[in-house]
Amino acid sequence: MGRLDDHHVLVTGGSRGIGAAIVEKALAEGARVSIIDIEAAAGEALVASLAAAGRCHFGAGSVCAAGDIARVHAAAVKRFGPVTGLVNNAGRNAYADAVTMTEEDWDDVFSVDLKASWLVSRQVLPGMIEMRRGSIVNIASIHADMTYPGFFPYAAAKSGLVGLTRSMALDMGKHQIRVNALSPGYTETFLVKEFFDKNDPGLRQKVLDVHPLGRMGSPAEIANCVAFLLSDEASFVTGANWRADGGLSARFAG
Ligand SMILES: NC(=O)c1ccc[n+]([C@@H]2O[C@H](COP(=O)([O-])OP(=O)(O)OC[C@H]3O[C@@H](n4cnc5c(N)ncnc54)[C@H](O)[C@@H]3O)[C@@H](O)[C@H]2O)c1
């Protein structure tokens with residue numbers, strides 16, 4: 001018996017990184033899993049590599065496009081039944097400056113890192129409301145609480161996502177739908193590699209030195225937390241923002 005038997009979990013941005021780890025964990029816990037991602041080749045390769053490929057559906061599309069979301073959702077529901085769990089994981093980093101950033105760049109960041117979570121939720125919520133059952137997990141970031149210079153406006157979008165989580169948890173509670181945020185710290189993925197590649201070579205060690213656990217997280221460790229929040233074991237948890245950062249944000253400078 002897995003903790004997600006009888007669940008159909010939709011994971012956005014599930015082709016690689018944290019999303020792919022969530023896909024693998026949800027499958028290991030017994031779920032049927034659907035993915036929407038713009039990276040079709042990586043997504044299809046991931047599904048082909050899975051032992052439980054028969055319980056995993058990949059749909060190519062952008063979470064910023066309502067038409068793509070509707071198309072992928074319809075195919076997923078046709079194959080696996082109504083979505084009971086949603087993980088809004090797709091996201092991107094932002095490297096910008098408040099003076100030189102264009103409106104187009106701003107809209108691009110907010111479209112993926114904030115608006116998309118509402119768009120995909122809007123698609124799955126009617127089915128969840130009808131079933132009186134559902135769990136949504138929004139992958140935010142510790143940037144919602146503390147941030148890094150040169151990262152404008154990632155922190156603003158992720159803070160907005162935590163606010164969206166709270167509001168949606170209040171409004172959906174009466175339908176027995178739980179909505180939580182999971183805020184990872186440094187997690188070894190493409191996004192973190194991209195971040196270190198843009199900075200001086202010594203930064204990686206400096207970051208490791210201030211982690212109480214002395215290391216960064218793995219995608220699988222984030223996926224473990226997400227599986228709990230999706231499962232019925234978290235039946236009294238809603239409106240929360242759970243940090244998984246190896247203790248980084250507990251530390252005062254010095
Ligand atoms: N890695 C970290 O240290 C870290 C820390 C805090 C928060 N996060 C958050 O975790 C989430 C996953 O990050 P990751 O590190 O695995 O990144 P990643 O770049 O490895 O994976 C992101 C995935 O999202 C997909 N994606 C991007 N834009 C999309 C769109 N418009 N439509 C559909 N799919 C799209 C990408 O194709 C990719 O498969 C993001 O929301 C990120 O902000 C990551």
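**View 1. Histidine 143 in its loop.** Histidine 143 sits in the loop that joins β5 to α5. Helices (H or I, at least four residues) and strands (E, at least two) are DSSP runs, numbered from the N terminus. The model shown is predicted: local features need pLDDT of at least 70, side-chain atom pairs count only at pLDDT 80 or more, and totals for chains, interfaces and linings use all residues. Residues are numbered from 1 along each chain as its sequence is written. Is histidine 143 buried or exposed? Histidine 143 is buried, with 21 other C-beta atoms within 10 Å. A residue is buried if 20 or more other C-beta atoms lie within 10 Å of its own, exposed if 12 or fewer, and partly exposed in between, with C-beta atoms placed from the backbone. Leaving out residues up to four places away in sequence, histidine 143 touches Phe151, Tyr154, Ala155 and Lys158. Contact between two residues requires their C-beta atoms, placed from the backbone, to lie within 7 Å. Alanine 156 is 13 residues from histidine 143 along the chain, and their C-alpha atoms are separated by 8.3 Å.

**View 2. The open sheet.** The sheet is open and has 7 strands in the order β3-β2-β1-β4-β5-β6-β7, with parallel pairing. Two strands pair if DSSP finds at least two bridges between them. At the edges are β3 (56–60) and β7 (241–244), each of which pairs on one side only. From one strand to the next, the twist averages 20 degrees. Strand β2 (residues 32–37) pairs with β3 in the parallel sense over 5 bridges, and valine 33 stands opposite cysteine 56 in β3.

**View 3. Helices on the sheet.** Helix α4 (residues 103–131) packs on the sheet and touches β1 (8–12), β4 (85–88), β5 (134–139) and β6 (177–184); the direction of α4 makes about 175 degrees with that of β4. Helix α5 (residues 154–172) also packs on the sheet, where it touches β5, β6 and β7, and its direction makes about 165 degrees with that of β6. Axes are lines fitted to C-alpha atoms, for helices over the stretch in contact, and angles run from 0 to 180 degrees between N-to-C directions.

**View 4. Strand β6.** Because 8 of the 8 residues of β6 are buried, β6 is largely enclosed by the rest of the structure. β5 and β6 pair in the parallel sense over 6 bridges; isoleucine 177 in β6 is the bridge partner of glycine 134.

**View 5. Helices α3 and α4.** The axes of helix α3 (residues 66–80) and α4 come within 10 Å and cross at roughly 40 degrees. The two helices are therefore oblique to each other; angles under 35 degrees count as roughly parallel, over 145 as roughly antiparallel, 65 to 115 as roughly perpendicular and the rest as oblique. Ala66, Ile69, Ala70 and His73 in α3 meet Leu119, Val120, Gln123 and Val124 in α4. The residues of this contact comprise 6 nonpolar, 2 polar and no charged. Ala, Val, Leu, Ile, Met, Phe, Trp, Tyr, Cys and Pro count as nonpolar, Asp, Glu, Lys and Arg as charged, and the others, Gly among them, as polar.
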